[in-house]
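Hello,

Here is the structure I promised to pass on to you. Have a look at it first, and my notes follow below.

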Amino acid sequence: MIYRWFLVFVCLCAGASLGFLLAATDGLIAGLFIAVTTCLALDSIHLGRFLRWLRVVQSNDALAATPDLLPSLQGVWLDAGERVRKIIRQQERKLQDAQARLDEFLAAMQASPVGVVLLDAQDRIEWCNDMATQHFGFDARRDLLQHITNLVRVPGFKAYMASNDYSQDVLVAGSASQPGRPVNLSVHAYAYGNERKLLLSRDITAVELAEAMRRDFVANVSHEIRTPLTVLSGFIETLQTLPLDEPERERYLALMAQQSQRMQTLVNDLLTLSKLEGSPQPGANEWTPCDALLAQCEQEAKALSRLLATQGHQLLFAAEKGWQIAGVQAELFSAFSNLVTNAVRYTPDAGQIHVSWQVLADGRGKFLVKDSGPGIAPEHLPRLTERFYRVDRSRSRETGGTGLGLAIVKHVAQRHNAELNIESVSGQGSSFSITFPAARVRKIL
Ligand code: ADP
């Protein structure tokens, strides 16, 4: 600034001196006037350029387009231009930082497994993430600034939004909901800022399904245990109150033993299932010989057949020798034995049961149980591995079934990366197979 005043002063002095030299006092005044006018004219030119530059900066919204204009300024105007440019740069940087933070924040909201909708004071959609568009069926662009209650037309939701009481969740059917496949959403609004709202939606279909399954399971277990327990307590009461003769007493005790055995089998199966669900997947370095598994199954099948059938079943065991399966022996035996004993239990007297182990051309190992029993109608096939699902309830009970056998088989197969396959035609027998991947099968040298 001092330099500028110095320059003006030098200019005035030069003008005055030149004027004085040329025309004495009149020349001095004229020289001063010309010097002042020249200074003002030069300043006006620079001011004009500066304002033009500011206009360009303003209209471009960026400094990048204006670098060539700045050098045309000089002196204090150049200095002012540089300073303005610096301030604008700083503001731009702050704006970019703020924008980057906002983008990151929105990306985090976008990644959320929960649906997020931001509403303005009139309940119009300001922003929503992809999950919310899936949940409610919004179009993220088209539906911006639409009233949410125009898009989610569930009466319960409308009442919830109008109530201004957001202490609870509201349940809403998701946009993908279909008659046979409901999708249930739990939606919660949170008021914030200036009457704005944050709406969070969660898909609770799986949670509700799991809860329903848990309730069914508890009800089934209670029912399964209550039945033998009621019979047992009835017999105990009879034994305590009635003077029974010895043969009668023995008959009652035998029936009691049968019921307690039934409860024991049920508890054992339940424990097996919970162990299967709670333990880590079996590794591929514990090898179980197939020969031993099949021999054990054969023994068990023969014993059960003798117990259930008068003529006995035709049991045919055919296994390629010397193979091993990578997996837990107890689990594999439980699965194989369930399939074999089911075949014995459901196939009528003198029926045929084929049990085989073979290694397929692609290296996979297949355990197959085929029987000539009653077969299973197609509508039951998809549900057979559900816990406590039975086609023939009375046959299952008579033969000591718990309704958990195939659920155990399915779990064991899954844990060994194997596939359980059920094929059956009503009246023409059934075949159950477990196919192990080649990586879990090997031949002993
Ligand atoms: P359960 O203990 O009742 O046998 P499972 O889970 O082992 O229970 O089997 C479920 C149902 O599948 C059985 O109740 C039975 O109706 C049917 N089932 C299983 N194996 C056979 C089979 N080999 N032949 C006909 N029906 C079968």
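Is Glu211 buried, partly exposed or exposed? Glu211 is partly exposed, since its relative accessible area is 32%. Please keep in mind as you read that this is a predicted model.

**Salt bridges**

I found 17 salt bridges in the whole structure. Glu211 takes part in a network of them together with Arg214 and Arg215. With Arg214, the closest N and O atoms are 2.9 Å apart; the two residues sit three residues apart in helix 6 (residues 205–241), so about one helical turn separates them. With Arg215, the N to O distance is 3.7 Å, and here the spacing in helix 6 is four residues, again about one turn of the helix. Both arginines count as partly exposed, Arg214 at 46% relative accessibility and Arg215 at 47%.

Another pair to look at is Arg387 and Glu277, whose side chains meet in a salt bridge at 2.0 Å, N to O. Arg387 belongs to the loop between strand 10 (365–371) and helix 10, while Glu277 is in helix 7, so this pair ties together parts that lie 110 residues apart in sequence. Arg387 is partly exposed at 30% relative accessible area, and Glu277 is partly exposed at 44%.

Leu255 is partly exposed, with a relative accessible area of 28%. Its C-alpha atom is 8.5 Å from that of Phe235, a residue 20 positions away along the chain.

The largest pocket has a volume of about 1200 Å³. It is lined by 47 residues, and those closest to its centre are Asn342, Arg345, Thr399, Gly400 and Gly401. Elements that each supply at least two lining residues include helix 7, helix 8 (290–308) and strand 12 (430–436). Helix 9 gives the largest share, with eleven residues. By class, the lining has 17 nonpolar, 21 polar and nine charged residues. Domain 3 (207–278) and domain 4 (281–443) each contribute at least three residues to it.

**Cysteines**

The disulfide count comes to zero. For Cys39, the nearest cysteine sulfur is that of Cys11, 4.1 Å away, and Cys39 is in no disulfide. Cys128 is buried, with a relative accessible area of 7%.

Best wishes

Note on methods. Residues are numbered from 1 along each chain as its sequence is written. This is a predicted model: local features need pLDDT of at least 70, side-chain atom pairs count only at pLDDT 80 or more; totals for chains, interfaces and linings use all residues. Side-chain values use heavy atoms; hydrogens and water are left out. Buried means under 20% relative accessible area, exposed over 50%, partly exposed in between (1.4 Å probe, protein chains only). A disulfide is a pair of cysteine sulfur atoms within 2.5 Å. On a 1 Å grid over the protein atoms alone, a cavity is a set of points where a 1.4 Å probe fits but cannot get out, and a pocket is an open set with protein on both sides within 12 Å along at least five of seven lines; lining residues have an atom within 4 Å of a point. Grid points are joined across faces, edges and corners, and a volume is the space filled by probe spheres set on the points. Ala, Val, Leu, Ile, Met, Phe, Trp, Tyr, Cys and Pro count as nonpolar, Asp, Glu, Lys and Arg as charged, and the others, Gly among them, as polar. Domain bounds come from an automatic or database domain assignment. A salt bridge is a side-chain nitrogen of Lys or Arg within 4 Å of a carboxyl oxygen of Asp or Glu.
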